[in-house]
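Please open the model in your viewer and keep the selection tool at hand. The stops below say what to select next and what is found there.

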Amino acid sequence: MSDHPLRNSPSLDAFWMPFTANRQFKAAPRLLVSAEGMHYTADDGRTVLDGTAGLWCVNAGHGRRGIAAAVERQLATLDFAPTFQMGHPIAFEFAERLAEIAPGGLDRVFFTNSGSESVDTALKIALAYQRAIGQGTRTRLIGRERGYHGVGFGGISVGGIVSNRRVFPQLPGADHLRHTHDPARNAFVKGQPEYGAELADDLERLVALHGAETIAACIVEPVSGSTGVLIPPKGYLERLRALCTKHGILLIFDEVITGFGRLGAPFATDFLGVRPDLVASAKGLTNGTVPMGAVFASRAVHDGLMNGPEGIELFHGYTYSGHPVACAAGIATLDIYREEGLLTRAAAVSDDWASAIHDLRGRKAVIDIRTIGLIAGIELESRPDAPGKRAYDVFVDCFQRGLLVRVTGDIIALSPPLIIEQGHIAEIAEILGAAIDRAA
Ligand code: PMP
């Protein structure tokens, strides 16, 4: 039993925490009770610098009054109304606002409630579209090793995290490209690595294996975050795009973390100059305040479904698709992004960010550092007796000393709010460097 002050009031027992070793956490809980700007406050009163924008989502920083006010107004005006065979203006307004900044011009918007739902929605749109245009044999979906696409059955099937898949059945026919991480050729790179564009040709191999006429779509994260910050080699996504086009395969970008300014442009699509057919998004869509996701579709995909032969456009949707309160939060978020120039701000600070983080090179046990936009991955050498322990120790140490980071395996991931200032960057590097030294 922990003697933590909240241990008995409230009890920590009932909440079955997601993606958490519940017993370990509840024996020594870390609780956040408030947040403002770049900082959280822990339940013992300590200030904790948010190095992860919550979970890659609080891009405009915490405690934004404009969002709170918009949510309150919306709750008092129209708390809920359906969007099945009914509508309400704010959902149309939010979709129109999103269409103005649509990734790669994909300006048809389908609302969901999370990243996982956006992924599964995008996969279903791809399957339905292929069928609507007379390509109904295309039922196979291609993902990538070390990809993370949320936890729906579609997402885990195309995802490349074995532990998330192991005990669950998969969608039939899902297959995977190899991942692009190659530390032997690309270590300590700022931005996109030089080597590895040819790995996109894996799609050609899967086409040869299965037949193009069986493949509906290929989904990748432009930059993988949750699996340890894997940045696409120069030319890789361009090559994947060309192969998808050649074989009639739809290309889906999962921009759940890269969307809304993370790289220095509104979307990775814009930043990297490669246009997919569908984009899945969530997180920064509402600055993490109200759960919401959105799928952006090209007009070709949208119109292909509208004009389909079966008399129904898409048998899919959620009670809360376009929830008015989420839309209000989203519009207020877009206002902040626009007024403060946040969707391109990462571009202005990413050189300083990369320099500060890459300065950690040379610390004991640091075997790679990868940065792009306002993202960083720092890979530590795994202890053979305890893989993942070193990075976990860094995470706990950082939290105790006032910095929130993420860990996955022995990789530390950082993705601070886009409002970050020089002083915060220096503070992150300092706390992290000391923690890495201690863990080594
Ligand atoms: N896709 C990617 C690339 C993600 O990073 C995440 C969440 N980290 C998801 C999908 C799933 O999003 P959610 O947790 O909102 O379902």
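Which glycine takes a positive phi just after H14? Select glycine 402, whose phi is about 95°. The model is a predicted one, in which local features need pLDDT of at least 70 and side-chain atom pairs count only at pLDDT 80 or more, while totals for chains, interfaces and linings use all residues. Residues are numbered from 1 along each chain as its sequence is written.

**The whole chain**

Along its principal axes the C-alpha trace spans about 65 × 55 × 45 Å. Buried residues make up 50% of the 440 residues, a residue being buried if 20 or more other C-beta atoms lie within 10 Å of its own, exposed if 12 or fewer, and partly exposed in between, with C-beta atoms placed from the backbone.

**Helix H14**

Colour Arg390, Ala391, Val394, Cys398 and Phe399, which are buried in H14. The elements that these buried residues pack against include strand E3 (47-50), strand E13 (375-380) and helix H15 (422-439), with two residues in contact if their C-beta atoms, placed from the backbone, lie within 7 Å.

**Helix H4**

Next, select residues 89-100, which form helix H4. In H4, the residues Ile90, Ala91, Phe94, Ala95 and Leu98 are buried. They cover an arc of only 135° around the axis, which puts them on the same side of H4; the arc is that of the directions from the helix axis to the C-beta atoms. If you turn to the other side of H4, you find Pro89, Glu96 and Glu100 exposed. The buried residues of H4 pack against helix H3 (65-77), strand E4 (108-112), strand E11 (293-297) and helix H12 (324-339).

Isoleucine 101 sits in the loop between H4 and E4, and counts as partly exposed because it has 18 C-beta neighbours inside 10 Å. Lysine 283, in the loop between strand E10 (278-281) and E11, has a positive phi near 40° although it is a residue other than glycine. Alanine 365, which is not a glycine either, has a positive phi of about 80°, and its place is in the loop between helix H13 (345-358) and strand E12 (366-372).

**Around the ligand**

Finally, select the ligand and the 14 residues around it, of which Ser114, Gly115, Ser116, Gly150 and Val256 come nearest; a residue is near a molecule if its C-beta atom, placed from the backbone, lies within 6 Å of it. Helix H5 (residues 115-132) gives the largest share of this shell, 3 residues.

Technical notes:
Helix = DSSP H or I, 4+ residues; strand = E, 2+ residues; numbered from the N terminus. Expected span 1.5 Å × (residues − 1).
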